[in-house]
Amino acid sequence: MMLRNAAGRRAVATAATAVSLALALTACSGTTKDSKDTGGGEKAAGSATADPNAPLKKGLKIAFLPKQINNPYEKIVDEAGIAAAKEYGGTGKEVGPSDANASSQVSYINTLIQQRQDAILVAANDPNAVCGPLKQAMKKDIKVVAYDSDTAKDCRQLFINQASSEEIGRSLVQHLGEQIGYKGKVAILSATQNATNQNTWIEFMKEELKLPEYKGMELVKVAYGDDADQKSFQQTQGLMQAYPDLKGIISPTTVGIAAAARYLSDSSYKGKVVLNGLGTPNQMRKYVKDGTVEQFSLWNPEELGYLGSYAAAALASGQITGAEGEKFKAGKLGEYTIGEDGEVILGEPTVFDAKNIDQFNF
């Protein structure tokens, strides 16, 4: 089931399709008109020549660096990417911090450089904090692919985006608006304050809320649970204490929405406060079935990791450089085309509800 857009609204699907080909998040292919950095991406892509007929190299070493090592969603992504590496004769591993602080990934990047990995895939906690070591990696011909949460554009060759950021942000507001009758106070429960993907989605949420049909809705708070279960639980509790007449919460983070659902399910607000956002079916199944949550959205995280792994292998094998318009094959997922600023989009997310949630297991 694809994301549903309300009838008569701005043709978001058309806009999302365009964005899917050339999304606003940026990368360092070195071929874009505003790419001026010479320390990383420009050297990595601008001076390289793609050979689309080159075979994938055997024995490639790739490493996944998630926001935090104990994040169940990113564990699914990374394990799928590691499994994909075996398909093309490479080896993969996952390393990372136990917290999602802005600078917590830096030391791991430095270690991966010393280990001479062929490619580093990073879900950035902060778009800029990781840039220094990632540029050093690219200078040493280690390919850098951002996934899930982007870095600054000159700090990597590709960004594997789960879906159109505009479609994600706007659709979550659209769904919540429909559920609460376009009236009432709403809040957002995000991950960390510096998370690139979260902040991009939130900006599109705010843009959507400016449209006339949402004049009866008020965004009262953006709270941050730092992708930590207990803190997200406490932030949800705090939102309800501060705004007891709150009508809805959007949590665009799998950790946050599960924690918020857990709080609401055992509170007097169950059935009165609408919770929507991004979650995995296995995390959210019980909350859908007990009536705490009506619906939520997500893409397939296994496919995200799989695509990222093949994209990194294509870079490391010289099939692509990260330039717009280049194509590569991602195993069973088929062919993908690189969009503007080195972005590759997995596809449209799915809306999960009581009717279809048992069809999925991740």
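How many helices and strands make up the secondary structure of the protein?

## Overview

The secondary structure comes to 11 helices and 14 strands. The model is a predicted one. The protein has 362 residues, and buried residues make up 59% of them. Its accessible surface comes to about 14100 Å², and carbon and sulfur atoms account for 48% of that area.

Contacts can also be sorted by separation along the chain. Among contacts between residues at least 6 apart in sequence, 73% join residues at least 24 apart.

Lysine 185 stands opposite glutamate 218, a residue of S7.

## Helix H6

Helix H6 covers residues 165-180, which is 16 residues. From its first C-alpha to its last, H6 reaches 23 Å, close to the 22 Å expected at 1.5 Å a residue. Glycine 181 follows H6 and has a positive phi, near 70°.

Why is H6 described as largely enclosed by the rest of the structure? Of its 16 residues, 14 are buried, so the rest of the structure largely encloses this helix. In an α-helix there are 3.6 residues a turn, so residues three or four places apart point the same way.

## Strands S10 and S14

Strand S10 (residues 295-298) pairs with S14 in the antiparallel sense, over 4 bridges. Glutamine 295 belongs to strand S10, and it stands opposite aspartate 353 in S14. Glutamine 295 has a relative accessibility of 4%, so it counts as buried, the cut-off being under 20% relative accessible area. Glutamine 295 and leucine 176 are 119 residues apart in sequence, while their C-alpha atoms are 9.5 Å apart in space.

In a regular strand, side chains alternate between the two faces of the sheet. In strand S14 (residues 350-353), Thr350 and Phe352 point one way, and Val351 and Asp353 point the other way. All of these residues are buried.

## The disulfide

How many disulfides does the structure hold? The structure holds 1 disulfide, and it joins cysteine 131 to cysteine 155 with an S to S distance of 1.9 Å. Cysteine 131 lies in helix H5 (residues 131-139), and cysteine 155 lies in the loop between strand S4 (143-147) and strand S5 (158-161), so the pair ties together parts that are 24 residues apart in sequence. A disulfide is a covalent bond between the sulfur atoms of two cysteines.

The torsion about the S-S bond of cysteine 131 and cysteine 155 is about 100°, so the disulfide is right-handed. Are the two cysteines buried or exposed? Cysteine 131 is buried, with a relative accessible area of 9%. Cysteine 155 also counts as buried, because its relative accessibility is 0%.

Terms used
Residues numbered from 1 in each chain as written. Predicted model: local features only at pLDDT ≥ 70, side-chain atom pairs only at ≥ 80, totals over all residues. Heavy atoms only, no water. Pairing = 2+ DSSP bridges. Helix = DSSP H or I, 4+ residues; strand = E, 2+ residues; numbered from the N terminus. Buried < 20%, exposed > 50% of the residue type's maximum accessible area, 1.4 Å probe, protein only. Contact = heavy atoms within 4.5 Å. Areas by Shrake-Rupley, 256 points an atom, 1.4 Å probe, with all protein chains shown as cover. Expected span 1.5 Å × (residues − 1). Disulfide = S-S within 2.5 Å.
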